[in-house]
Amino acid sequence: MIEIKNLNAWFGENHVLKDVSLKVPANGSFGLVGESGSGKSTVLRTMTGLVEDWEGNIVVGGQELGHKRNKDFYRQVQMVFQDPFGSLHPRHTIDRILSEPVAVHKLGNSDARVIKVLEQVGLDNSFRFRYPHQLSGGQRQRVSIARALILEPRVLLLDEPTSALDVSIQAEVLNLLSALRRDLGLTYIMVSHDLAVVAHVCDDIAIMNHGRIVERATASQLAQGSLEHPYSQQLYKAAGGYDRAVIDSFVDWD
Amino acid sequence: MTSETLLSVKNLAVSFTTSKGPVNAVRGVSFDLGRERLGIVGESGSGKSQTGRAILGLTAANGSITADKMQFHDVDLRHLSPKQWRKVRGARISMIMQDPKYSLNPVMTIGDQIIEAYREHHKVGTKEATHRAIEMLEAVKIRDPQRVFKSYPHEVSGGMGQRVMIAMMLIPDPELLIADEPTSALDVTVQLQVMAILDDLVRERGMALIFISHDLHLVSSFCDRVLVMYQGHVVEEIRASELDQAKHPYTQGLLNCLPKMDGNHDDLPVLQRQASWAEG
């Protein structure tokens, strides 16, 4: 479904992605893990056309992407951002937020689509005419997911979709994402700083550092902790909580 | 470690008057704190931060605090004048906030800010204060303290900024440090490194620490004792080492809903909230 080969990207002089390659089968889920500045979000942003200066091959659904994305691409590929507070228009109702992509893509039948998509993300109809500030963080993230789903895309790019949420709400949203992938046959690329979240949702995982993929692992390899690169081992140990001996062994990767 | 009681809080309540009626953020919180590391854990809106802020008298103007007791050593924290507060805040109890980007002054060098914190409570000359500030930057393991001393906050990374905050809060040598999500804005490895620095300093100086966080695992691996808060109440108090024996369904629910690295993609158990938890 998605194949990226030797992707390089620059912000001005700054070389932020270095030969990133990855493959995601249809209905697969791929996780990118790393710390701030590792380039994990930039991979997603380059795919959706939010980064201008890049080289390499990106193939989505058999179509090679150029530097311009057409409307068809956005029907296929939708992105969900990290912050549910910043990504919804504060003065538009949920109904208007959800109908806008339908209008842009001239799909028609907006009423029925909004009702259906709200149900898919587990919000009842009473949310339809509310404003984002009347919703909790978890409900807002459900709306962001609904906005992506309303175009019936085949690929969702998820950029830290749960890191702004409480753990109990995170569990609900992760369950929702897993169910949607199962039911709608979606393909995911998920970015997170949290190894456990990615290990839970994704089958294949890549660990990034300074714009490079330093290691790849499957969810079961990660479960056994069989990581080879010292950076990924460090990240793995850090996920275990506060342990003085482990912290003293940390090396700076700057 | 719990030899003497440093801070004793009985039946603390914080409520805010808003246009939609009163909001009770903290409802009857009691605890005694010795020279130990106490964790306060809860989700957003549980009242954990408001508990910390009330101890320092930082509750917003539309809020009111009531308590049967709020005793810090010989000081009754319930009825202090602004002038009396200034003698406590910083000097004896101090607080580290979540994001160093917003709690450092952007138009003042880091060195000047640390010096200001020190001289607020110690009558010393600039030279002595400068010397102390650089020593303090070394103590929080900043590799090039001279350079950081002359830098502005935007010139340092998040982890470095939080170390600067720790330096600034600890330089007046307080007895109690309240850390409100001090590492939530940082990457995991940096977060742990900052906590290790905090740990060392708190031990060396024999300080008490209140560590407020949403991360139950992190807190329990770091603190001696944990208070779990839900809707303004403490629902469970537990020794950090015995967290796996938590009895309250809320604590258990919080622990269970965390994704684990076990290669299992099954649905996560979801917290089933019960109205009775909110009654304390």
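**Entry 1: chain A**

I began with burial in chain A and found that buried residues make up 43% of its 254 residues. I note at the outset that this is a predicted model.

I then looked up the secondary structure of chain A, which has 10 helices and 10 strands. Along the principal axes, I found that the C-alpha atoms of chain A fill a box of roughly 55 × 40 × 35 Å. I checked the radius of gyration as well: chain A has 19 Å, which agrees with the value near 18 Å that a compact globule of 254 residues would have. For contacts in chain A between residues at least 6 apart in sequence, I recorded that 67% join residues at least 24 apart.

**Entry 2: chain B**

I turned to chain B and counted 10 helices and 11 strands. Its radius of gyration is 19 Å, close to the 19 Å that the globule rule gives for 280 residues, so I recorded chain B as being as compact as a globular protein of that length. The box filled by the C-alpha atoms of chain B, taken along the principal axes, is roughly 60 × 50 × 45 Å.

I looked up burial here too, and buried residues make up 45% of the 280 residues in chain B. Of the contacts in chain B with a separation of 6 or more, 67% are accounted for by residues 24 or more positions apart.

**Entry 3: helix H4 of chain B**

Which residues of H4(B) are buried? I found B:Ile110, B:Gly111, B:Ile114, B:Ile115, B:Ala117 and B:Tyr118. Seen down the axis of H4(B), these buried residues fall within an arc of 160 degrees, so they line one face of the helix. I recalled that an α-helix has 3.6 residues a turn, so residues three or four places apart point the same way.

I next asked what covers the buried residues of H4(B). The cover includes helix H5 (126-139), helix H6 (145-150) and helix H7 (158-170) of chain B.

**Entry 4: where the chains meet**

I looked up the contacts between the chains: 28 residues of chain B are in contact with 30 residues of chain A. On the side of chain B that touches chain A, the elements giving two or more residues are helix H8 (188-204), helix H9 (216-222) and helix H10 (249-256). The largest share, 6 residues, comes from H8(B). By class, I recorded 14 nonpolar, 9 polar and 5 charged residues on this side of chain B.

Definitions and conventions
Residues are numbered from 1 along each chain as its sequence is written. Chains are lettered from A and ligands numbered from 1 in the order in which they are written. This is a predicted model: local features need pLDDT of at least 70, side-chain atom pairs count only at pLDDT 80 or more; totals for chains, interfaces and linings use all residues. Helices (H or I, at least four residues) and strands (E, at least two) are DSSP runs, numbered from the N terminus. The radius of gyration is taken over C-alpha atoms; the globule rule is 2.2 Å times the number of residues to the power 0.38. A residue is buried if 20 or more other C-beta atoms lie within 10 Å of its own, exposed if 12 or fewer, and partly exposed in between; C-beta atoms are placed from the backbone. Two residues are in contact if their C-beta atoms, placed from the backbone, lie within 7 Å. Ala, Val, Leu, Ile, Met, Phe, Trp, Tyr, Cys and Pro count as nonpolar, Asp, Glu, Lys and Arg as charged, and the others, Gly among them, as polar. The arc is that of the directions from the helix axis to the C-beta atoms.
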